[in-house]
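Please look over the sequence and the structure below before reading on. The paragraphs after it go from one part to the next.

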Amino acid sequence: MQGEKTPYWLMTQKMMPQRPIVKNALWAFFVGGAISTVGQGVLWFFMRHGMTAKEASSPTAVVMIGLGALFTGLGWYDRLVKRAGMGASLPITGFANAMVAPAMEYKAEGLVMGIGARLFTIAGPVLVYGMAAAFVVGAARYLITGVA
Amino acid sequence: MSVKQCGAATYAVSGVYIQSTASVVGPKEGHGPFRGQFDRVWEDEGSHAASFEKAEQQLLAEAYAIALQKGGLRWEDIQLVIGGDLLDQVITTNFVARSHGRPLAGIFAACATFTEGLGLGALLVGGADVGTVMVSAVSHHATAERQFRFPLELGYQRTPTSAWTATAAGAVVLSQAAAPLAVESVTFGRVVDLGGKDPNDMGSAMAPAAYDTIMQHLKDMGQELRDFDAIYTGDLGHFGLTMLKAYGERQGTPFGAELHDCGRELYDRDRQDTHNGGSGPGCSASVFSGPLTRKLMAGEWHRLLLVATGALYSPTTYQQGETIPCIAHAIQISRGRAHA
């Protein structure tokens with residue numbers, strides 16, 4: 001059986017249905033763009049009420065995370081990502097989706113071993129490697145420019 | 001009644017009959033191409049239950065109840081229950097057994113569980129004089145998603161070859177009392193692993209296992225493909241069935257119009273967004289217990305080979321880079337000429 005491995009798998013790879021890459025990319029571009037445009041609108045809203053761009057970025061993130069969580073709770077966000085892929089996963093609303101979806105899913109196992117233990121099932125790797133990358137980049141910046 | 005071993009892996013059984021079948025499915029399955037051919041269709045995936053695990057148990061309990069009712073039987077008439085599901089520790093089948101209280105043989109062969117159960121049941125009824133056996137298999141989309149994939153509300157893109165675990169249960173009562181549908185032979189498959197690693201493409205990984213079992217069955221029984229009105233694999237889906245045909249062609253056995261797949265036909269891919277098609281133990285169990293049984297009973301077919309296919313992996317093994325071992329078990333069922 002093992003001897004047949006290569007020819008069968010070559011055949012499988014050759015016949016594998018292709019992902020609709022162009023369609024997916026267009027969806028990702030427009031949905032990702034739309035989410036970012038909404039975020040920009042929220043940022044401008046806070047700036048219009050007297051905040052600087054830097055001050056406004058935190059409440060903007062809070063609002064976008066809130067929207068992502070709300071749409072996840074309503075069962076809409078997964079449908080959006082299904083079409084838009086990274087266009088909807090990459091913005092901070094997608095991060096909210098990755099946190100709220102496990103919270104909803106593991107509610108049945110209780111507050112501690114369910115939600116508490118498994119909240120970071122999806123977002124955990126993003127946080128771990130995000131922080132690791134931030135450390136490396138920050139250290140490199142400090143070594144090169146001397147700015148902490 | 002008798003059981004006779006034929007060849008390396010096949011047992012010819014006589015005097016084993018299907019007393020009744022029952023199928024209970026979710027809304028997506030009930031509104032697909034087999035609409036109107038299941039015994040009961042749920043209006044939703046079971047959101048009334050405290051958890052989807054409990055919903056899956058209810059799905060199975062309803063299939064049991066309908067199978068008993070259609071056969072004019074009570075639980076006391078069942079000597080043995082043989083069944084399985086996809087969840088760790090076979091929890092659905094085991095937990096439902098708390099309420100029926102009958103002797104239980106819980107089994108696991110992933111999505112090939114149903115034909116493994118039918119095969120074991122047929123051997124026991126035909127060869128060991130066990131009177132009446134209930135065979136079942138069940139799966140639920142939401143419980144399988146959480147065990148094998150992601151939380152339900154997490155957004156991600158499925159690949160074109162990823163399967164959709166069916167919310168479905170099927171149950172069959174076997175006994176020696178003469179009935180229109182008879183189990184004629186059983187072929188137990190062996191594990192075949194041609195190196196497939198992608199849990200989002202189980203169809204192509206399982207196709208060689210299905211081929212191996214079908215060929216073994218034909219060889220052991222001295223049959224040809226055309227001896228069957230239909231051969232239904234379990235859940236190879238669109239791509240898996242395509243690969244089975246291509247693989248058969250390459251190995252020198254080109255399949256014809258008799259070859260079908262339960263998972264491929266359970267959903268309308270274009271309308272229901274199910275990608276490769278249905279999977280899960282409940283897929284072949286419900287499709288056999290509903291639509292396929294109807295075709296046999298209506299006299300459209302006389303002989304069917306049901307070859308449920310299973311990918312025997314766990315989330316642990318594929319994360320550790322293991323390939324996916326696959327298996328298929330075949331059951332030959334016919335409608336007696338005397339009853340036609």
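What follows is a walk through domains, salt bridges, loops and a surface patch.

This is a predicted model, in which local features need pLDDT of at least 70, side-chain atom pairs count only at pLDDT 80 or more, and totals for chains, interfaces and linings use all residues. Residues are numbered from 1 along each chain as its sequence is written, chains are lettered from A and ligands numbered from 1 in the order in which they are written, and side-chain values use heavy atoms, with hydrogens and water left out.

Begin with chain B. Its domain assignment gives domain 1 (17-175) and domain 2 (183-335); such bounds come from an automatic or database domain assignment. The contact between them takes 52 residues from domain 1 of chain B and 49 residues from domain 2 of chain B, where contact means heavy atoms within 4.5 Å. Taken over C-alpha atoms, the centres of the two domains are separated by 18 Å.

Next come the salt bridges. A salt bridge is a side-chain nitrogen of Lys or Arg within 4 Å of a carboxyl oxygen of Asp or Glu. By this rule there are 14 salt bridges over all chains. One of them joins the side chains of B:Arg146 and A:Glu105, at 3.0 Å from N to O. Because B:Arg146 lies in helix 5 of chain B and A:Glu105 in helix 6 (residues 92-105) of chain A, this pair joins two chains. Helices (H or I, at least four residues) and strands (E, at least two) are DSSP runs, numbered from the N terminus. Are B:Arg146 and A:Glu105 buried or exposed? Both are buried. Buried means under 20% relative accessible area, exposed means over 50%, and partly exposed is in between, with a 1.4 Å probe and protein chains only. B:Arg146 and A:Glu105 also belong to a network of salt bridges that includes A:Glu109 and B:Glu53.

Other salt bridges stay within chain B. B:Asp39 pairs with B:Lys70, and their closest N and O atoms are 3.0 Å apart. This pair links distant parts of the chain, 31 residues apart: B:Asp39 is in the loop between helix 1 (27-30) and strand 4 (40-41), and B:Lys70 is in helix 2 (residues 52-71). B:Asp39 is partly exposed because its relative accessible area is 29%, and B:Lys70 is partly exposed because its value is 45%.

A further pair is B:Asp212 and B:Arg190, whose side chains meet at 2.7 Å, N to O. With 11% relative accessibility, B:Asp212 counts as buried, whereas B:Arg190, with 46%, is partly exposed.

Now turn to some loops of chain B. B:Asp88 is found in the loop between strand 5 (80-85) and helix 3 (91-100). Its side chain is joined to that of B:Gln147 by a polar contact of 2.9 Å. A polar contact is a pair of N or O atoms within 3.5 Å; within protein, one must be able to donate a hydrogen and the other to accept it, and residues adjacent in sequence count only if both atoms are side-chain atoms. B:Asp88 is partly exposed, with a relative accessible area of 44%. B:Val90 lies in the loop between strand 5 and helix 3 and is buried, at 13%. B:Val90 is not a glycine, yet has a positive phi of about 45°.

B:Ala110 also has a positive phi, of about 50°, without being a glycine. The loop that holds B:Ala110 runs between strand 6 (104-106) and helix 4 (113-127) of chain B. B:Ala110 is buried, with a relative accessible area of 1%.

B:Leu152 is placed in the loop between helix 5 (141-148) and strand 8 (164-165) of chain B. Which residues does B:Leu152 contact, leaving aside its neighbours within four places in sequence? Among them are A:Asp78 and A:Glu105 from chain A, and B:Phe52 and B:His141 from chain B. B:Leu152 counts as partly exposed, at 29% relative accessibility.

The last stop is on chain A. A:Trp76 is in the loop between helix 3 and helix 4 (77-84) of chain A, and is partly exposed because its relative accessibility is 45%.
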